[in-house]
Amino acid sequence: MRRPAGGPVRRPAGGPVGRRPALAAVAVIGALALAGCGGSDSGADSASSGAELSVDAAYIPQPVSDSMAAGFLTITNEGDSADELTSVTSEAGEVTVHETVDGTMKEVDRLEVPAHGQLVFKSGGNHLMFEKLKRQPKQGQSVAVELHFAHADPVTVKLPVKAATYQPTTGHSGHSEDSGH
(Lines give C-alpha, C1' and ligand atoms only; values in the text may rest on other atoms or scores of the structure.)
Protein backbone atom coordinates (compact mmCIF):
# COMPACT_ATOMS: atom_id res chain seq x y z
CA MET A 1 0.00 0.00 0.00
CA ARG A 2 1.34 3.39 -0.94
CA ARG A 3 1.02 6.40 1.30
CA PRO A 4 0.40 9.75 -0.34
CA ALA A 5 2.97 12.37 0.71
CA GLY A 6 1.83 14.08 3.91
CA GLY A 7 -1.21 11.84 4.15
CA PRO A 8 -2.21 9.67 7.12
CA VAL A 9 -0.75 6.25 7.74
CA ARG A 10 -3.42 3.66 7.15
CA ARG A 11 -3.35 0.34 8.91
CA PRO A 12 -4.67 -2.57 6.88
CA ALA A 13 -6.53 -4.01 9.89
CA GLY A 14 -8.28 -0.89 11.26
CA GLY A 15 -11.01 -1.20 13.85
CA PRO A 16 -10.48 -2.38 17.46
CA VAL A 17 -7.24 -4.27 16.75
CA GLY A 18 -5.50 -1.04 15.70
CA ARG A 19 -6.42 0.60 19.03
CA ARG A 20 -4.98 -2.10 21.31
CA PRO A 21 -1.47 -0.58 21.55
CA ALA A 22 -3.00 2.75 22.58
CA LEU A 23 -5.20 1.07 25.19
CA ALA A 24 -2.22 -0.89 26.51
CA ALA A 25 -0.19 2.33 26.78
CA VAL A 26 -3.02 4.03 28.70
CA ALA A 27 -3.24 1.04 31.05
CA VAL A 28 0.52 1.08 31.71
CA ILE A 29 0.54 4.84 32.29
CA GLY A 30 -2.43 4.51 34.65
CA ALA A 31 -0.73 1.71 36.61
CA LEU A 32 2.45 3.77 36.93
CA ALA A 33 0.48 6.78 38.13
CA LEU A 34 -1.29 4.67 40.76
CA ALA A 35 2.01 3.14 41.89
CA GLY A 36 3.42 6.65 42.30
CA CYS A 37 0.45 7.66 44.43
CA GLY A 38 0.88 4.64 46.69
CA GLY A 39 4.19 5.98 48.00
CA SER A 40 2.57 9.06 49.54
CA ASP A 41 0.29 6.98 51.77
CA SER A 42 3.20 4.91 53.08
CA GLY A 43 4.78 7.83 54.93
CA ALA A 44 7.87 7.59 52.76
CA ASP A 45 7.66 11.26 51.82
CA SER A 46 6.37 13.61 54.51
CA ALA A 47 5.94 16.45 52.02
CA SER A 48 3.48 14.43 49.94
CA SER A 49 1.50 13.46 53.05
CA GLY A 50 0.49 17.10 53.37
CA ALA A 51 2.26 17.57 56.70
CA GLU A 52 5.48 19.61 56.70
CA LEU A 53 7.01 18.93 60.10
CA SER A 54 9.92 20.55 61.88
CA VAL A 55 11.12 20.39 65.48
CA ASP A 56 12.46 23.23 67.59
CA ALA A 57 13.05 24.30 71.20
CA ALA A 58 14.03 20.76 72.26
CA TYR A 59 15.65 20.12 75.65
CA ILE A 60 15.77 17.92 78.75
CA PRO A 61 16.22 19.51 82.18
CA GLN A 62 19.01 17.63 83.95
CA PRO A 63 17.11 14.93 85.81
CA VAL A 64 17.32 14.64 89.58
CA SER A 65 16.42 10.95 89.35
CA ASP A 66 18.74 8.23 88.06
CA SER A 67 15.92 6.49 86.21
CA MET A 68 13.47 9.20 85.02
CA ALA A 69 13.58 12.44 83.04
CA ALA A 70 11.24 14.75 81.14
CA GLY A 71 11.69 16.10 77.63
CA PHE A 72 10.25 19.15 75.93
CA LEU A 73 10.06 20.35 72.32
CA THR A 74 7.80 21.97 69.77
CA ILE A 75 6.67 20.22 66.58
CA THR A 76 5.57 22.69 63.92
CA ASN A 77 3.45 21.64 60.96
CA GLU A 78 3.44 24.15 58.09
CA GLY A 79 1.58 21.72 55.82
CA ASP A 80 -2.04 21.56 54.76
CA SER A 81 -2.79 18.26 56.54
CA ALA A 82 -2.71 17.32 60.20
CA ASP A 83 -0.54 14.42 61.35
CA GLU A 84 -0.22 12.59 64.65
CA LEU A 85 2.76 11.86 66.86
CA THR A 86 2.28 8.14 67.55
CA SER A 87 5.39 7.24 69.55
CA VAL A 88 8.88 8.29 70.57
CA THR A 89 11.88 5.97 70.84
CA SER A 90 15.36 6.47 72.27
CA GLU A 91 18.39 4.37 73.08
CA ALA A 92 18.54 6.27 76.41
CA GLY A 93 15.53 4.38 77.78
CA GLU A 94 11.78 3.97 77.41
CA VAL A 95 9.92 7.08 76.26
CA THR A 96 6.21 7.71 76.70
CA VAL A 97 4.09 10.66 75.62
CA HIS A 98 2.06 12.45 78.30
CA GLU A 99 -0.76 14.93 77.93
CA THR A 100 -1.66 17.33 80.72
CA VAL A 101 -5.29 18.47 80.87
CA ASP A 102 -6.58 20.58 83.78
CA GLY A 103 -3.42 19.83 85.74
CA THR A 104 -3.81 16.06 85.34
CA MET A 105 -1.11 14.11 83.50
CA LYS A 106 -1.92 10.93 81.58
CA GLU A 107 -0.05 8.77 79.12
CA VAL A 108 -1.47 8.84 75.58
CA ASP A 109 -0.73 6.78 72.50
CA ARG A 110 -0.95 9.73 70.07
CA LEU A 111 -1.23 13.50 69.89
CA GLU A 112 -2.34 15.57 66.91
CA VAL A 113 0.04 17.93 65.12
CA PRO A 114 -2.52 20.27 63.52
CA ALA A 115 -2.18 21.59 59.97
CA HIS A 116 -0.58 25.05 60.06
CA GLY A 117 -0.11 24.64 63.81
CA GLN A 118 2.07 23.29 66.58
CA LEU A 119 2.20 20.50 69.12
CA VAL A 120 3.97 21.98 72.13
CA PHE A 121 5.65 19.97 74.89
CA LYS A 122 6.43 22.26 77.85
CA SER A 123 6.85 22.18 81.60
CA GLY A 124 3.41 21.86 83.18
CA GLY A 125 1.89 20.68 79.88
CA ASN A 126 2.40 17.92 77.34
CA HIS A 127 5.80 16.29 77.78
CA LEU A 128 7.93 13.27 77.00
CA MET A 129 8.65 10.99 79.93
CA PHE A 130 11.91 9.02 79.90
CA GLU A 131 11.84 5.97 82.15
CA LYS A 132 14.28 3.19 82.91
CA LEU A 133 17.19 5.38 81.83
CA LYS A 134 20.32 3.43 81.02
CA ARG A 135 22.35 6.30 82.50
CA GLN A 136 21.49 9.68 83.93
CA PRO A 137 22.02 12.41 81.30
CA LYS A 138 24.21 15.30 82.50
CA GLN A 139 24.11 18.97 81.59
CA GLY A 140 26.04 19.59 78.37
CA GLN A 141 25.20 16.17 76.93
CA SER A 142 22.33 15.44 74.55
CA VAL A 143 19.82 12.64 74.21
CA ALA A 144 18.67 11.50 70.76
CA VAL A 145 15.04 10.57 70.20
CA GLU A 146 13.15 9.44 67.15
CA LEU A 147 9.65 10.85 66.72
CA HIS A 148 7.23 8.57 64.89
CA PHE A 149 4.17 9.92 63.08
CA ALA A 150 1.01 8.42 61.57
CA HIS A 151 1.90 9.67 58.07
CA ALA A 152 5.27 11.47 57.95
CA ASP A 153 8.68 9.83 58.10
CA PRO A 154 10.30 9.55 61.55
CA VAL A 155 12.25 12.58 62.70
CA THR A 156 15.44 12.24 64.78
CA VAL A 157 16.04 15.03 67.28
CA LYS A 158 18.85 15.66 69.76
CA LEU A 159 17.61 17.10 73.03
CA PRO A 160 20.39 18.98 74.82
CA VAL A 161 20.49 18.48 78.57
CA LYS A 162 20.07 21.84 80.28
CA ALA A 163 20.29 22.88 83.93
CA ALA A 164 17.47 21.51 86.07
CA THR A 165 16.21 25.10 86.51
CA TYR A 166 16.37 25.98 82.77
CA GLN A 167 13.38 27.92 81.45
CA PRO A 168 13.23 28.62 77.70
CA THR A 169 13.03 32.32 76.92
CA THR A 170 10.84 31.75 73.86
CA GLY A 171 7.94 30.14 75.68
CA HIS A 172 8.13 27.30 73.16
CA SER A 173 6.75 29.40 70.35
CA GLY A 174 8.67 27.26 67.84
CA HIS A 175 10.99 30.12 66.89
CA SER A 176 13.78 29.52 69.36
CA GLU A 177 17.35 30.19 68.29
CA ASP A 178 18.53 27.88 71.08
CA SER A 179 17.02 24.65 69.76
CA GLY A 180 20.10 22.49 70.01
CA HIS A 181 20.04 21.57 66.32
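Entry 1. I take a residue as partly exposed when its relative accessible area falls between the buried limit, under 20%, and the exposed limit, over 50%. On that scale Arg110, with a relative accessible area of 38%, is partly exposed. I keep in mind that this is a predicted model.

Entry 2. I searched the whole structure for salt bridges and found two. In one of them Arg110 is paired with Glu84, and the closest N and O atoms are 2.4 Å apart. I looked up where the partners sit: Arg110 belongs to the loop between β5 (104–108) and β6 (111–113), while Glu84 lies in strand β3 (residues 83–89), so that the pair links distant parts of the chain, 26 residues apart. Glu84 also counts as partly exposed, at 27% relative accessibility.

Entry 3. I then turned to the salt bridge between the side chains of Lys132 and Glu94, for which the N to O distance is 3.4 Å. This pair, too, links distant parts of the chain, 38 residues apart, with Lys132 in the loop between β8 (127–131) and β9 (142–149) and Glu94 in strand β4 (residues 94–101). I noted that Lys132 is exposed, with a relative accessible area of 58%, whereas Glu94 is partly exposed at 43%.

Entry 4. Is Asn77 buried or exposed? I find Asn77 buried, because its relative accessible area is 1% and the limit for buried is under 20%. Asn77 is placed in strand β2 (residues 68–77), and a polar atom of its side chain lies 3.4 Å from the backbone oxygen of Pro114. Leaving aside neighbours within four places in sequence, I list the contacts of Asn77, among them Gly50, Leu53, Asp83, Val113, Pro114 and His116.

Notes: Residues are numbered from 1 along each chain as its sequence is written. This is a predicted model: local features need pLDDT of at least 70, side-chain atom pairs count only at pLDDT 80 or more; totals for chains, interfaces and linings use all residues. Side-chain values use heavy atoms; hydrogens and water are left out. A salt bridge is a side-chain nitrogen of Lys or Arg within 4 Å of a carboxyl oxygen of Asp or Glu. Helices (H or I, at least four residues) and strands (E, at least two) are DSSP runs, numbered from the N terminus. Buried means under 20% relative accessible area, exposed over 50%, partly exposed in between (1.4 Å probe, protein chains only). A polar contact is a pair of N or O atoms within 3.5 Å; within protein, one must be able to donate a hydrogen and the other to accept it, and residues adjacent in sequence count only if both atoms are side-chain atoms. Contact means heavy atoms within 4.5 Å.
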